[in-house]
Amino acid sequence: MAETYKKLVQTLVDSSNETFYTVASNTTTIIRSMRAVNTTGTAATLKLFHDGTATSNMILPAVTIEANGWAEFDGTIIMEAADTL
């Protein structure tokens, strides 16, 4: 199977839990890195979950991103069809 490299999502998120990526059917997605950017003038908190927002689904605990700063994830997340982030 051929690998296709893509930017998966670029979106603004608010203070609620929301799904910003769902794996398409018949697809496996391998995430190797992510960057979250805070474009506001105040600090923001980021949490990241895989397949739901229960504590057991958390893959990145609360991280504070300073005003106009960023946080990077450098690891591997393997997602199957219908998985969410």
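This is a predicted model: local features need pLDDT of at least 70, side-chain atom pairs count only at pLDDT 80 or more; totals for chains, interfaces and linings use all residues.
User: What does isoleucine 31 touch?

Analyst: Setting aside residues up to four places away in sequence, isoleucine 31 touches Leu8, Gly75, Thr76, Ile77, Met79 and Leu85.

User: What makes the pair of arginine 35 and glutamate 72 a salt bridge?

Analyst: Their side chains meet at 2.2 Å, N to O. A salt bridge needs such a pair within 4 Å, so this one qualifies. The structure holds 1 salt bridge. Arginine 35 lies in strand 1 (residues 29–37) and glutamate 72 in strand 4, so the pair ties together parts that are 37 residues apart in sequence.

User: Are arginine 35 and glutamate 72 buried or exposed?

Analyst: Both arginine 35 and glutamate 72 are exposed.

User: How do you know that aspartate 83 has no salt bridge?

Analyst: Good one! The nearest side chain of opposite charge, arginine 32, is 15 Å away. The cut-off is 4 Å, so aspartate 83 has no salt bridge, although it is buried.

User: What lies 2.9 Å from a polar atom of the side chain of aspartate 83?

Analyst: That is the backbone nitrogen of glutamate 80. Aspartate 83 itself sits in the segment after strand 4. Leaving aside neighbours within four places in sequence, aspartate 83 is in contact with Tyr21, Thr22, Val23, His50, Asp51 and Ile78.

Key
Residues are numbered from 1 along each chain as its sequence is written. Side-chain values use heavy atoms; hydrogens and water are left out. Contact means heavy atoms within 4.5 Å. Helices (H or I, at least four residues) and strands (E, at least two) are DSSP runs, numbered from the N terminus. Buried means under 20% relative accessible area, exposed over 50%, partly exposed in between (1.4 Å probe, protein chains only). Lys and Arg count as positive and Asp and Glu as negative; His and the chain ends are not counted. A polar contact is a pair of N or O atoms within 3.5 Å; within protein, one must be able to donate a hydrogen and the other to accept it, and residues adjacent in sequence count only if both atoms are side-chain atoms.
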